[in-house]
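Subject: Structure handover

Hello,

Here is the structure you will be working with. Please open it and keep it beside this email as you read.

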Amino acid sequence: MGHGSSRPDSGEPSPDADTAEAPVPSRFARFRRRLRFHRSGSDQLPFKNLAAEDFAGIARIEIIGAEMKFKDRWLACLSFGERTYRTDKSDHTEKPVWRSEKKVILERNGPHIARISVFETNRLSRNNLVGYCEIDLWKVLSEDSEDNLEGLSLLDPSSSNTIVGSISISCYVEDPIETEKAFARRVLAVVDYNEDGKLSYSEFTELISAFGNEVAASKKEELFKQADKNGDGVVDMDELAILLSIQQEKESLISNCPVCGENLGKYDKMNDMLHMTLCFDEGTGNQSMTGGFLTDKQASYGWMFKLSEWAHFASYGIGLKSGSSASHILVFDRRTKRLVEETIDRRIILSMRAIYQSKVGLTLIDKGTRDLLRSISEKQGTWMNSPESAKDIPKFIKSFETFNEFFIRELKPGARPIAYVERDDIAICAADSRLMAFTSVDDSLRFWIKGRKFSIQGLLGMGTYSNAFDKGCLVIFRLAPQDYHRFHVPVSGTIESFVDIPGCLYTVNPIAINSKYCNVFTENKRVVSLISTSEFGKVAFVAIGATMVGSITFLKKEGDYVHKGDEFGYFSFGGSTVICVFEKDAIQIDEDLLANSERSLETLVSVGMTLGVSRRKQATEEMPRLENCTLGA
């Protein structure tokens, strides 16, 4: 390669060319257009200010193909953290082939489990989830392999013991050192049109121009000579790497990303490198997946849902939006650190909106809906305790005589490990649930509870309420019907009292909680227990009934000493809620739980996961005891 361009066609029209003929765009222009096409809409690169010590690598995941048990047109989705990507649809076959890839950034304390979902696409409005699998990217990172080609079983979403097919993927994780070493190669690939690993002078100058640095652009020839160490008239990858490294220490050559054109320098050099690395790979790699989705269900929706979004009949976003646009409930899975969609029948959503999010619905509630809900719940409870209800139990379970026996079944020992079981200064999650946590009642009203009359005094009742709870933390555990319905003790201490408070049986679904017309927590039937602890002071534990939940049963009695993690009681059939109220300055809630709650985003947790640590013990440890101090001579 000499000083001339190595491109077969430079894209520039010759002087005697027919002026009516449109110029052919350069390969570099086509490359940038291709990247913009793949990143259209809301699919922007997921950058934030990532600290160097948090960067763990870049994972490349390629979904190659699958073997299913029937013919259809298929698509696959890759979910990681709060982003989901999808392949194109396959041909009508039982062995779909996609060969579609995506690269994602790994953080040391971030998500590390990727989920792949496969959908059949034979419906107009939405597609059907057939199977899924999960990949632990930390495990891939620990394996010393150039390219991990795997065949994974696809599991039935309704029964993880059933295999519905298999999928072939290729997964490779590039560690931080490899990413830095490969940066020059990626930069060179942007304008190395004949892919020989070398840049001619014209290619080099085009690259410098793409960097968007006016100072560097004015010194192209000088920089080329500086880079061309051996004087052979071309710049190879090693020479380019040395030039970039030297200039990085002085003044970076790169002001704009040469692929997407975005201004760099918002954070630091490492973040700029990561931005360009993903841009380069997305433009030069295999077929890239389409992004801009939050969950695999959203990615799989057909044209009718997209039309309804465009027309504002439906919306899709993090946190449940108040009002008629609240059509989806998204929660953050704490284990996998990704978003999941909570499935609710559309007819139920419409009915709940009509009842709980309008003045008309409020009027109906006042005119007799309360009694109707109570009557329905009582009748359903009677049915669930009858032998006839056993026919609703899944066929593979034979040992329960009634549906409620199945519903309130206990877990096997060890199924929910208790975090730091020996430390009473660490509180745990009280239920398998969707959790919201707030440092004060004011925060809960700002981010979640919209009922106009909510207060700690109204929640706890005069028999349990004290001023110490007014400015304390509030933790809400929402149990859905599909959850394990026993609740556990979050802290160790002595049970002082139980107080029954009669009330309604409204739903505890966020559509009702987010309604300004309804005060679910202070109007529903509930039992308030007070636990006295040495680490957290007094803790109020409130078990709240809901529609289809007429029965709240406690397994402990007043005066019992309980250890965190002990079974405390259970709800009979239906959704329900537990609320824990701590005294002011008693607990430091885990940061991830608070951060999600500030976004009006529930966190999916399990019994035994950490909830927070005692601030009183921290204060005691931080303050030196006077009697232990020694005066210097």
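Below is what was found, topic by topic.

**Ground rules**

This is a predicted model, where local features need pLDDT of at least 70, side-chain atom pairs count only at pLDDT 80 or more, and totals for chains, interfaces and linings use all residues. Residues are numbered from 1 along each chain as its sequence is written, and side-chain values use heavy atoms, with hydrogens and water left out.

**The whole chain**

The protein chain has 19 helices and 28 strands. Both are DSSP runs numbered from the N terminus: helices are H or I with at least four residues, strands are E with at least two. Of the 633 residues in the protein chain, 51% are buried. Buried means under 20% relative accessible area, exposed means over 50%, and partly exposed lies in between (1.4 Å probe, protein chains only).

The protein chain exposes about 30300 Å², and carbon and sulfur atoms supply 51% of that area. Accessible areas come from the Shrake-Rupley method with a 1.4 Å probe; for residues, only the protein chains shown count as cover.

Residues 24 or more positions apart account for 71% of them. A contact means heavy atoms within 4.5 Å.

Strands of a sheet pair through backbone hydrogen bonds, either parallel or antiparallel. Here, two strands pair if DSSP finds at least two bridges between them.

Strand 16 (residues 433-438) pairs with strand 27 (residues 602-605) in the antiparallel sense, over three bridges. Which residue of strand 27 is the bridge partner of Arg-434? The partner is Leu-604.

Axes are lines fitted to C-alpha atoms, for helices over the stretch in contact, and angles run from 0 to 180 degrees between N-to-C directions.

Ser-576 also deserves a look. UniProt lists Ser-576 for "modified residue: Pyruvic acid (Ser)", in an unreviewed entry. UniProt positions are given in the numbering used here, feature names are shortened, and annotations may be inferred rather than shown by experiment. Ser-576 is found in strand 25 (residues 576-582). Is Ser-576 buried or exposed? Ser-576 is buried, with a relative accessible area of 0%.

Another open sheet has three strands in the order 18-24-22, with antiparallel pairing. Strand 18 (486-488) and strand 22 (552-554) are its edges, each pairing on one side only. The twist averages 25° from one strand to the next.

Strand 18 and strand 24 (residues 567-571) pair over three bridges. Arg-486 has Tyr-570 in strand 24 as its bridge partner.

**Salt bridges**

Side chains of opposite charge can pair when their charged atoms come close. A salt bridge is a side-chain nitrogen of Lys or Arg within 4 Å of a carboxyl oxygen of Asp or Glu. The structure holds 20 salt bridges.

Arg-60, Glu-62, Arg-99, Glu-101 and Lys-103 are linked in a network.

- Glu-62 and Arg-60: 3.7 Å.
- Arg-60 and Glu-101: 3.6 Å. Arg-60 is in strand 1 (residues 55-68) and Glu-101 in strand 4 (residues 97-107), so this pair links distant parts of the chain, 41 residues apart.
- Arg-99 and Glu-62: 4.0 Å. Arg-99 is in strand 4 and Glu-62 in strand 1, 37 residues apart.

Glu-62 is buried at 8%. Arg-60 counts as buried at 16%. Glu-101 is buried at 6%. Arg-99 is partly exposed at 48%.

**The EF-hand annotation**

UniProt's "domain: EF-hand" (unreviewed entry) covers residues 179-214 and 215-250. Over residues 179-214, the chain is 67% helix and 6% strand. The end C-alpha atoms of that stretch are 27 Å apart.

Best wishes
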